[in-house]
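Subject: Structure for you to look at

Hello,

Here is the structure I said I would pass on. My notes on it follow below the display.

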Amino acid sequence: MESGAGKHWTEEEVKALLSVWAEKNIRKQLYGTLRNKGIFIYIAKRLQSLGVHRDWKQCRAKYKNLKYEYRTVKYAHNSGDSSKTMKFFHDLDAILQYEPATQFTEEDANSRYLAMLSPSTAPEITEGKKKNNLNIVLHHTVFSFLS
């Protein structure tokens, strides 16, 4: 079986990927992880044991494409357009419906805003945490809102 980068995924290969992706420990590792090469190396090895020969980059690309297409269809459905569809939508819905959405309470926003203004007075909030893009966006949003 050829496993070139341009080779389309068969229905069986996608089903195998979805079965591995559906495992709770895999979903948990994939959620919120940006540096996920190791997870996809593991997924590729799991797929090999199921007879699917894809490398980690192919697995990650397929994962991203499926997730993007799912979200596009889901958004259309939520907007009232039920004509938009995709193969494996229901499988992906079962996997992704439990993915926690990032929601901040007013208390979270206030704590982060105060920590940004005076980190020395709120060490328990800022110590040992890296500033990531989400925090920067949140700080900017809170600051803009309060200005």
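Among contacts between residues at least 6 apart in sequence, what percentage join residues at least 24 apart? The figure is 55%, where a contact means heavy atoms within 4.5 Å.

Two notes on how to read the rest. This is a predicted model, in which local features need pLDDT of at least 70 and side-chain atom pairs count only at pLDDT 80 or more, while totals for chains, interfaces and linings use all residues. Residues are numbered from 1 along each chain as its sequence is written, and side-chain values use heavy atoms, with hydrogens and water left out.

Overall make-up

The chain has 8 helices and 0 strands (DSSP runs numbered from the N terminus, H or I of at least four residues for helices, E of at least two for strands). Of its 147 residues, 29% are buried; buried means under 20% relative accessible area, exposed over 50%, and partly exposed in between, with a 1.4 Å probe and protein chains only. The accessible surface is about 10400 Å², and carbon and sulfur atoms account for 53% of that surface (Shrake-Rupley method, 1.4 Å probe; for residues, only the protein chains shown count as cover).

The core

The largest nonpolar core contains 27 residues. Such a core is a set of buried Ala, Val, Leu, Ile, Met, Phe, Trp, Tyr and Cys residues joined through side-chain atoms within 4.5 Å. Leu 18, Trp 21, Leu 30, Ile 43, Leu 47 and Leu 66 have the most contacts inside it. At least two core residues come from each of α1, α2, α3 (37-49), α4 and α5. In soluble globular proteins, nonpolar side chains tend to be buried together.

Leu 18 is one of the buried residues of α1, as are Glu 13 and Trp 21. The cover over the buried residues of α1 includes α2, α3, α4 and α5. Beyond its neighbours within four places in sequence, Leu 18 touches Leu 66, Phe 88, Asp 91, Leu 92 and Ile 95.

In α5 (residues 89-96), the buried residues are Phe 89, Leu 92, Asp 93, Ile 95 and Leu 96. They lie on the same side of α5 because they cover an arc of only 165° around the axis, taken from the directions from the helix axis to the C-beta atoms. These residues pack against α1 (11-21), α2 (24-30) and α4 (56-78).

Phe 88 sits in the loop between α4 and α5. Its phi is near 70°, a positive value in a residue other than glycine. Most residues other than glycine have a negative phi. Phe 88 is also buried, at 13% relative accessible area.

Salt bridges

The whole structure has 6 salt bridges, each a side-chain nitrogen of Lys or Arg within 4 Å of a carboxyl oxygen of Asp or Glu. Arg 54 pairs with Glu 13, with the closest N and O atoms 2.9 Å apart. Arg 54 is in the loop between α3 and α4 and Glu 13 is in helix α1, so this pair ties together parts 41 residues apart in sequence. Both Arg 54 and Glu 13 are buried.

Asp 93 pairs with Lys 74 at 3.0 Å between the closest N and O atoms. This pair links helix α5 to helix α4, 19 residues apart. Asp 93 is buried at 17% relative accessibility, whereas Lys 74 is partly exposed at 28%.

Lys 7 also bridges to Glu 13, at 3.9 Å between the closest N and O atoms. Lys 7, Glu 13 and Arg 54 form one network through shared partners.

Regards
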